[in-house]
Amino acid sequence: MPTTYIDAVDEINKVFWDAWSASSGLVGYVPEVYWQFIEKSQKPDSTKFWCRFSVKHIYEKQRTISSCETENGKTMFESSGLVVVSIYGPKSKSNVDTGMRYLATVARNAFRDKGSKGDVWFKNTRIHEVVPEDLYYKINVLSDFSYTLIGG
């Protein structure tokens, strides 16, 4: 079903937040999320898990020339991109590997094997271990998405 850019981003954020906000089980708290375009004055607590969430639109192709099935006279587009959830775990924790893998699984499962979540389709969801930073270990969870957009 066609959607708008704003609705699609809101839906992607909600799909993630619904899973993440229920993730306190193993680590004992819901790790803080640093959302795209929302700046915080404080830095993350270096003794806790946290994540950075972003939606990156990569490609938009035109699917119809001047009309579509649902709204005559409007052009239909297919928008696609990548969701990136960067999870950080403190090097100071003894069980950081277990916590990191647990949180990565929570983030992956938010998007994996669900097909469509409303107007947005998710596919190729995967976990990608990356080089650690000074204070944190890091895992990225990546998920391709697409949705249909009518008009501009």
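A residue counts as buried here when its relative accessible area is under 20%. In this predicted model, strand β6, which covers residues 136–150, has 13 of its 15 residues buried, so the strand is largely enclosed by the rest of the structure.

**Pairing of strand β6**

Strand β6 is paired with β3, which spans residues 76–90, through 15 bridges, and these two strands run antiparallel. Strand β5, made up of residues 120–130, is also antiparallel to β6 and is joined to it by eight bridges. The table sets out the two pairings, with one pair of opposing residues described for each below it.

| Strand paired with β6 | Residues | Bridges to β6 | Direction |
|---|---|---|---|
| β3 | 76–90 | 15 bridges | antiparallel |
| β5 | 120–130 | eight bridges | antiparallel |

**The surroundings of P90**

P90 belongs to strand β3, and with a relative accessible area of 0% it falls under the 20% cut-off, so P90 is classed as buried. When neighbours within four places in sequence are left aside, P90 is in contact with S46, T47, K48 and F49, as well as with V96, L135 and Y136. Of these contacts, K48 is 42 residues away from P90 along the chain, yet the C-alpha atoms of P90 and K48 are separated by 6.0 Å.

How values were computed: Residues are numbered from 1 along each chain as its sequence is written. This is a predicted model: local features need pLDDT of at least 70, side-chain atom pairs count only at pLDDT 80 or more; totals for chains, interfaces and linings use all residues. Side-chain values use heavy atoms; hydrogens and water are left out. Buried means under 20% relative accessible area, exposed over 50%, partly exposed in between (1.4 Å probe, protein chains only). Helices (H or I, at least four residues) and strands (E, at least two) are DSSP runs, numbered from the N terminus. Two strands pair if DSSP finds at least two bridges between them. Contact means heavy atoms within 4.5 Å.
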